[in-house]
Amino acid sequence: MGLSDLYVALIYAAFLMMGFAAPFVFTLGYMWVDTFYPQFISTLVGQVPSAMIMGIAAIAGYILLDRRSPPRLSFHTILTLIFAGWVTLTLSWAERPDAAWDKWEWAFKVVVFAAFMTVVLRSRVHIEAFLQVFLFAAGVHMMALGTKTMLSGSGYGRNMGIFPTNAGLTESSTLAAVSVAVIPIILYLRAHAILIPKSRFRDLGYLGLIIIAIFSAIGTYARTALVGFLVVGVFLWLQSRRKILFTVCAAALVIGFSAITAATWSERIDTTADYDTEGSALGRILVWEWTLGYVADHPLGGGFNSFLVDRIEFPTTNGQAPLVVYGKAFHNMFFEVLGEHGYPGLAMYVTLLSLSLWYMLSVMRRTRGQPHLLWVHDLAGALMTSLLTIMACGCFVGIAFQATVWYLMTLPVCLNGYLHRVEQLEGGAADQPPWMARPVHQAMPAAARMAR
Amino acid sequence: MINDVSIVISTVMVMYIVWRAIRFDRTLPWFETRSLYEQAKAQRTAAKVKAARSRKLGVPEELLRHANASTDRR
């Protein structure tokens, strides 16, 4: 047992202990376990069902100790729970039941936890703590790969991440998508964070994290990153208050990064346009075609991991026998849901995503020109950009049930819930529903405010 | 080495944030309305004036005006 084993086990134990001081910390702890993967670093944590313990603590902590100002149940949350039920139901007609159960085991938890988040994260501190813990937990993967890429230039096919595994955030395309998608959130935190005191050090730290995130995305050699960069660039430009300065900085960054990235990266990215000759891209198009044909016969989907039954035939031009591949993954989050959970599943999934985007647009409209809600306005913009980025990346990667996608889908619900409460409080006690009559925290003392 | 440093930075920041979140969860208002915001802003300005006076520095006229206006409103 090494020192890191013990160290990471202590951090895990600290989450459990601090949860008794403030029960929402259990929820942060569950998300940390799901993002940082302490079980892969510490054999001590690996010996216990770490996620299950933290999950039970989070639910019990909320029900028994943390019922202050419970939020209204949103349509988004209800639909999320219905979706969780539907993906469970599709197990009964799964093409490959064993493989379907394997994926259901983690995917179901992701969906249910997303619904749970909407009742736990209520205040600004809760929402920001969630964002910060997620950022630094995901940061462990980005820092390791990003730093190595900066020092060595990376290399296609070399596993330079923190773990030699290929799942979750350790999978290159997923890490690339997440690295790019967190950039708007880092920019938001740089401007509005309250949990880290404002200082030049904080500014530099967040800017450093952005550079690390960019290098991490580049270091994966995933072409998904290029799509992500384009989307995040366009939406950040649209939201920017200083468009000319943003354009100049973005141009300088693009020129700088293209000068220092290895030639192999450019070669790899250039293959993005060769969709009809490049094996990986053509394979994706073929598997999407297969999915459309499959759901024409099976409109309710084929259960989790239904791609295992596909048969993809790569055409050849030189008269040779076509190359046949079995069990090619969907490589697209929408086709993934369609193939696994049919048209009803896809309709629910797209509705959830659309609702999240609509919430953010609504929040941005309602908070315009209000100084006390400036942070809400900017966070809505950042979350919308991040969600759109991950959706764009998700068109080329099967990340429909990755936790990060669900966090980005659910945080808008929490933010919308926060704004709803503020509006009700400002509207006067007469319009308040019974739960609002419960005492909320008084204004903090001036000294505490100054400490920010 | 890089992996270990990444783990340490990540976990230290996470613990710091959780500690601050627990503290602020108890001291900050959960839902900050305009009146709470303006009240806190006035307190902040008054504290700045007080701090400047205690350091025997010249208090900018604008700050004094703002502080007086905030006090009058209350």
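## Questions about a predicted two-chain model

Guide: In this predicted model, A:H76 sits in helix α6 of chain A, which covers residues 75–89.

Visitor: Why is A:H76 called buried?

Guide: The relative accessible area of A:H76 is 1%. Buried means under 20%, so A:H76 counts as buried.

Visitor: Which residues is A:H76 in contact with, leaving aside its neighbours within four places in sequence?

Guide: They are A:L352, A:L355, A:S356, A:Y359, A:M409 and A:V413. Each has a heavy atom within 4.5 Å of one in A:H76.

Visitor: What makes A:C249 partly exposed rather than buried or exposed?

Guide: A:C249 has a relative accessible area of 43%. Buried needs a value under 20% and exposed a value over 50%. A value of 43% falls in between, so A:C249 is partly exposed.

Visitor: And A:C393, is that cysteine buried or exposed?

Guide: A:C393 is buried, because its relative accessibility is 0% and the cut-off is under 20%.

Visitor: How many disulfides does the structure hold over all chains?

Guide: The count is 0.

Visitor: What makes B:D25 and A:R68 a salt bridge?

Guide: Their closest N and O atoms are 3.4 Å apart. The rule asks for a side-chain nitrogen of Lys or Arg within 4 Å of a carboxyl oxygen of Asp or Glu, so this pair qualifies. Between chain A and chain B the count is 1 salt bridge.

Visitor: Which helices of chain A supply at least two residues each to the side that touches chain B?

Guide: They are α1 (3–18), α2 (24–36), α8 (124–152), α18 (403–426) and α19 (446–451). The largest share, 14 residues, comes from α8(A). By type, this side of chain A divides into 38 nonpolar, 10 polar and 9 charged residues.

Visitor: What area is buried between chain A and chain B?

Guide: About 4,500 Å², with carbon and sulfur atoms giving 73% of that area. In residues, 57 of chain A are in contact with 35 of chain B.

Visitor: What is the secondary structure of chain B?

Guide: Chain B has 3 helices and 0 strands, in the pattern α-α-α along the sequence. Of its 74 residues, 41% are buried.

Key
Residues are numbered from 1 along each chain as its sequence is written. Chains are lettered from A and ligands numbered from 1 in the order in which they are written. This is a predicted model: local features need pLDDT of at least 70, side-chain atom pairs count only at pLDDT 80 or more; totals for chains, interfaces and linings use all residues. Side-chain values use heavy atoms; hydrogens and water are left out. A disulfide is a pair of cysteine sulfur atoms within 2.5 Å. Buried means under 20% relative accessible area, exposed over 50%, partly exposed in between (1.4 Å probe, protein chains only). Helices (H or I, at least four residues) and strands (E, at least two) are DSSP runs, numbered from the N terminus. Buried area is the accessible area (1.4 Å probe) that two parts lose on being put together, summed over both. Ala, Val, Leu, Ile, Met, Phe, Trp, Tyr, Cys and Pro count as nonpolar, Asp, Glu, Lys and Arg as charged, and the others, Gly among them, as polar.
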